[in-house]
Amino acid sequence: SISETAKLLNDKKIGAVLVLDDDRGSGPGIAGIISERDIISGLAVHGGDILNRPVSDLMTKDVHVCSPEDTIDQIMSLMSERRIRHLPVVKDNELVGVISIGDVVKRRIAETEEEAQALREYITS
């Protein structure tokens with residue numbers, strides 16, 4: 001239910017959860033994704049009754065994915081274009097993880113700090 005999903009998101013301190021379907025046959029078995037934003041929108045439109053409905057009523061069924069080989073720039077671009085904050089990572093038709101906008105921002109900050117350090121070392125040498 002939406003209520004159980006909201007509790008899971010809160011308990012795990014995460015912003016989204018994948019809905020998996022083991023019966024899908026080929027592919028990573030991703031039936032959908034539901035986020036805090038989806039639940040808030042559902043509450044705004046349908047009221048508190050939405051909490052007892054199934055996740056399938058609110059989840060995004062057309063889930064965009066990325067691969068481990070995608071660059072941070074490619075992932076940032078996809079997230080920005082699609083206005084999404086979580087992407088399942090799929091390799092060889094298998095789900096291998098999920099990357100969030102927080103992960104992307106953290107990596108970009110690390111890259112910027114590494115570049116700044118390299119420039120400082122270059123200037124002082």
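Helices (H or I, at least four residues) and strands (E, at least two) are DSSP runs, numbered from the N terminus. On that basis, Ile 101 lies in helix α4 (residues 101–124). This is a predicted model, in which local features need pLDDT of at least 70, side-chain atom pairs count only at pLDDT 80 or more, and totals for chains, interfaces and linings use all residues. Residues are numbered from 1 along each chain as its sequence is written, and side-chain values use heavy atoms, with hydrogens and water left out.

**Nonpolar surface patch**
- Ile 101, Val 105 and Ile 109 make a nonpolar surface patch of about 230 Å².
- Ile 101 is partly exposed, at a relative accessible area of 34% (buried is under 20%, exposed over 50%, partly exposed in between, with a 1.4 Å probe and protein chains only).
- Such patches consist of residues with over 30% relative accessible area and no salt bridge, nonpolar side chains being joined within 5 Å and like charges within 9 Å; a salt bridge is a side-chain nitrogen of Lys or Arg within 4 Å of a carboxyl oxygen of Asp or Glu.

**Positive phi angles**
- Lys 13, although not a glycine, has a positive phi of about 55°.
- Lys 13 is found in the loop between α1 (2–12) and β1 (16–20), and is exposed, with a relative accessible area of 74%.
- Arg 83 is likewise not a glycine and has a positive phi of about 55°.
- Arg 83 lies in the loop between α3 (72–82) and β3, where Arg 83 is exposed at a relative accessible area of 66%.

Technical notes. Accessible areas come from the Shrake-Rupley method with a 1.4 Å probe; for residues, only the protein chains shown count as cover.
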